[in-house]
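Biologist: I have a model open and want to go through it with you. Can we start with the terms?

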Amino acid sequence: MGNSSTSRGRFGIHGGQYIPETLMNAVLELEEAYDRYSRDPSFNAELTNLFNDYAGRPSLLYFAANMTADLGGAKVYLKREDLNHTGAHKINNVLGQALLAKRMGKTRLIAETGAGQHGVATATAAALMGMECVVYMGREDMRRQALNVYRMRLLGAEVRGVDAGTATLKDAVSETFREWTSRIDDTHYCLGSVMGPHPFPTIVRDFQAVISRESRAQILAVEGRLPDAVLACVGGGSNAIGSFYHFIPDKTVRLIGCEAAGRGIDTWETAATISTGRLGIFHGMKSYFCQDEYGQIAPVYSISAGLDYPGVGPEHAALHDSGRAEYVAVTDDEAVNAFEYLSRTEGVIPAIESAHAVAHAMKLAPRMSADQILVVTLSGRGDKDVAAIARYRGEDLHE
Amino acid sequence: MSCIADAFAASPNGKAFIPFITAGDPTLEVTEQLVVGMAQAGADLIELGIPFSDPTAEGPVIQEANLRALRNRATTDDVFAMVERVRVICNVPLVIMTYANVVFSYGIERFAARQAELGMGGVILPDVPHEEKEEFSEPFAAAGLDVVSLIAPTSHERIRAIARDASGFVYCVSSLGVTGVRSEINTDITSMVRLVKEERPDLPCAVGFGISTPIQAARMAAVSDGAIVGSAIVRMIGEHGSSCVEPVCAYVRDMATAVHSV
């Protein structure tokens, strides 16, 4: 299955640009602009200012002393992306892409969103930079996340419901691509994860790499050594690739991606792509996808709307193939337990997505020694999940 | 190379009318009748869609047809089995329209071999642009089949390179956006076709996206080598269900007549 000689943006056999011809010049133009501005000192200075003065970076690397004492093994550090403006890592990528789009002369941002975090971040950047914003969201997700829908509207964005297919994240991605093919000149598709056609997986990774650029320096400053493992949750994989990136050359550091197993990887109600998927081509990229024997994309399930996606970014697929990163599956039950555990133990309510990484840290830390170190990325805060977790526990709480 | 080029050559005026239907919508039995009926009604080449769960290049009408067909569990193997039944009585040129993952998942070489066995022309894959084509076109060419290239209103300077590597015919996308009926088509189709012809004078070039009336079809065929119609037919199938064969074939007759009278 040799790669086409002109194919761009490959991570091993993964990646590429599997999109309609109508969009090809748009992604080529984006690639060219990114090549230019990513080397432009004024662009980078402006982005650093936005990161520091608007989003509140650098984010803290917090030593979770109570959790460490309770688990009785490795020292646990939390990389606090939940403390960023808008409450998640999503803002890192969005500020970068909005700035890039603005330099390219685009006046309008479109985006997909699942739980609403990326939509809120995009609406925020659009408000800040005076750009028009349209967010596509599955009708089912709009119902589940009514508060985020209102938040986006408050920020001046238009939210368009998607009724196609399963009316969730994958359908919102498809619909945003459809919209992009109909209006390209003034519009940038601000894709929310390290997925889609080249150059998106590279652009989003580079903007999210600020996470590990900081955490690597922070852990060296505090501990004088590298961690034994870095953990992050994986849906499309943007906070995970950002958390891993600057540790990839450090071969002693284990990189562990935590996928959403939903009700279990032996059930149909799962979103654990690397554990249960196989190689395919969808949403612009070659990677692993949950699909049936004829290549029909599977409906996926996780309690976490942010991990409820049937694919995974191509760089993760390649890191899995090479063995450089490991991918584990964490069930709804384990994630909800971790959500409650971190709230009680550290006074930090994590996003249910991030709770998947916390859950795996809870398994791993007790099996490690006291002089070992785990860095766990808290990709977002859990305020948005409180009602859903209450319902999971049988309390009839609605926003 | 395949039966696709012959389809254009065999038409009364060298211009092809190319209807599209989604296999399995409403059932594979009706699809079988539609293929035979549309061939008799003057279709020169038929574009047969294998349904995909997430057809990202389609508007609402064809999206719904894909979902209907999948609810009927029309799999790739079922579609090939249906074509096998058609081939007993009808040798109309057929090209498959589907998405990359359907072919990739089946196995590219296996898919091509099965198509060759059934005397089909090849595939149209809207999510495989020029840059990614080779992975598909090499195994298909080895089986004597075409992977049809698409050009769009945004293609500009890419058209020449695409045309150089094209085979079968060039699918000229008339408008921005996804498939669906449009009241008017404002793109300068003539210039797009001219660029193709400057590179490849003998390669047919057919226009699709947005065409629904005989007048539109004739106008597009006048500046190219044919007209492709999908959503207008698929909408009729959606409205008439299993009794769609007669109205669809009457419509195809009118459209084919318009294209052949240019």
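Modeller: Helices (H or I, at least four residues) and strands (E, at least two) are DSSP runs, numbered from the N terminus. This is a predicted model, where local features need pLDDT of at least 70, side-chain atom pairs count only at pLDDT 80 or more, and totals for chains, interfaces and linings use all residues. Residues are numbered from 1 along each chain as its sequence is written, while chains are lettered from A and ligands numbered from 1 in the order in which they are written.

Biologist: Where does B:Pro26 sit?

Modeller: B:Pro26 is in the loop between β1 (16-22) and α2 of chain B. The peptide bond joining B:Asp25 and B:Pro26 is cis, with omega about 0°.

Biologist: And in chain A, which loop holds A:Pro199?

Modeller: The loop between β8 (187-189) and α9 of chain A. The bond from A:His198 to A:Pro199 is cis as well, with omega near 10°.

Biologist: What is phi at A:His283?

Modeller: Near 50°, a positive value in a residue other than glycine. A:His283 lies in the loop between β11 and β12 (284-289) of chain A.

Biologist: Switching to confidence. What is the mean pLDDT of chain A?

Modeller: The mean is 95, and 98% of the residues of chain A reach 70 or more; pLDDT is the predictor's confidence in each residue, from 0 to 100. Over residues 1-5 of chain A the pLDDT is below 50, and this stretch has 12 contacts in the model beyond near neighbours in sequence. Two residues are in contact if their C-beta atoms, placed from the backbone, lie within 7 Å.

Biologist: OK, domains. What does the assignment give for chain A?

Modeller: Domain 1 (11-50 + 90-204) and domain 2 (56-88 + 209-392); the bounds come from an automatic or database domain assignment. Their centres, taken over C-alpha atoms, are 22 Å apart. In chain A, 35 residues of domain 1 are in contact with 34 residues of domain 2. β2(A) supplies the largest share of the domain 1 side, 5 residues.

Biologist: Last topic, helices. At what angle do α2(B) and α4(B) pack?

Modeller: Helix α2 (residues 28-40) and helix α4 (residues 76-87) of chain B pack at about 45°, with axes 10 Å apart. Axes are lines fitted to C-alpha atoms, for helices over the stretch in contact, and angles run from 0 to 180 degrees between N-to-C directions.

Biologist: Which residues make that contact?

Modeller: B:Leu28, B:Thr31, B:Glu32, B:Val35 and B:Val36 of α2(B), with B:Asp78, B:Met82, B:Arg85 and B:Val86 of α4(B). They divide into 5 nonpolar, 1 polar and 3 charged.

Notes:
Ala, Val, Leu, Ile, Met, Phe, Trp, Tyr, Cys and Pro count as nonpolar, Asp, Glu, Lys and Arg as charged, and the others, Gly among them, as polar.
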